[in-house]
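Subject: A structure for you to look at

Hi,

I am passing a structure on to you, together with some notes on what turned up in it. Please have a look at it before you read on.

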Amino acid sequence: MRASLRTRITPALAALALLAVPLAGMPAAEAAVVKPLDIVKIHFDPPGTDKAHNTGYNQEYIQVKNVGKTTLNLTGYKVRDDGPQVFTFPKNYKLAAGKTVTIRSGKGTNSATTLYWGKASYIWNNTGDTARTFNAAGKLLESCKYPRGGSTKTC
């Protein structure tokens, strides 16, 4: 009976070993990447006093990076704070692999490297807040919380 049990287990173990070989060859950094978009930095409290004008709003920003190996079409992806503030990436906005985009709180003209939230107010609370990114299906990709104090959070 032991011999028959051994003959059934050995092929199963061999099959599992074959499946494990591709995973073992994968670099650790690649295996760890499960989200395509990474929050890099939040600049939430620029120097000086907060002034209620577009120049001041645009001193505030969040940076996100495509950490994948292919260009991402970010149509429908979102960035949110703890409150009701939601930024939706423009239709057909593409971010190349390894590239970072800065999203400024105020108004301006979008470019390949800088997008504008379009608000006439500050987004990120100086007293602490949480930035979240979501894919087009609404799945949470990442969350980055910062406390009161300081001016920039590297996530």
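Predicted model: local features only at pLDDT ≥ 70, side-chain atom pairs only at ≥ 80, totals over all residues.

**The overall picture**

The protein has 155 residues, and 31% of them are buried. Its secondary structure amounts to 3 helices and 11 strands. If you follow the chain along its sequence, the elements come in the pattern α-α-β-α-β-β-β-β-β-β-β-β-β-β.

Taking the contacts between residues at least 6 apart in sequence, 58% join residues that are at least 24 apart. As for the surface, the protein exposes about 9300 Å², with carbon and sulfur atoms supplying 58% of that area.

**A sheet of five strands**

Next, try to find the open sheet of 5 strands. Its order is β8-β7-β2-β1-β11, and the pairing is mixed. At the edges you will find β8 (114-116) and β11, each of which pairs on one side only. From one strand to the next, the twist averages 25°.

Strand β1 covers residues 37-43 and strand β2 covers residues 61-66; the two pair in the antiparallel sense over 6 bridges. If you want a place to start, go to Leu37, which stands opposite Asn66 in β2.

**The disulfide**

How many disulfides does a search of the whole structure find? The answer is 1, and its partners are Cys144 and Cys155, with their sulfur atoms 1.9 Å apart. A disulfide is a covalent bond between the sulfur atoms of two cysteines.

Which parts of the chain does this pair tie together? Cys144 belongs to strand β10 (residues 140-147), while Cys155 sits in the segment after β11 (152-154), so the link joins parts 11 residues apart in sequence. The torsion about the S-S bond of Cys144 and Cys155 is about -80°, and therefore the disulfide is left-handed.

Are the two cysteines buried or exposed? Cys144 has a relative accessible area of 4%, which is under the 20% cut-off, so Cys144 is buried. Cys155 has a relative accessibility of 35%, which falls between 20% and 50%, so Cys155 counts as partly exposed.

Definitions and conventions
Residues numbered from 1 in each chain as written. Heavy atoms only, no water. Disulfide = S-S within 2.5 Å. Helix = DSSP H or I, 4+ residues; strand = E, 2+ residues; numbered from the N terminus. Buried < 20%, exposed > 50% of the residue type's maximum accessible area, 1.4 Å probe, protein only. Pairing = 2+ DSSP bridges. Axes fitted to C-alpha atoms, helices over the stretch in contact; angles between N-to-C directions. Contact = heavy atoms within 4.5 Å. Areas by Shrake-Rupley, 256 points an atom, 1.4 Å probe, with all protein chains shown as cover.
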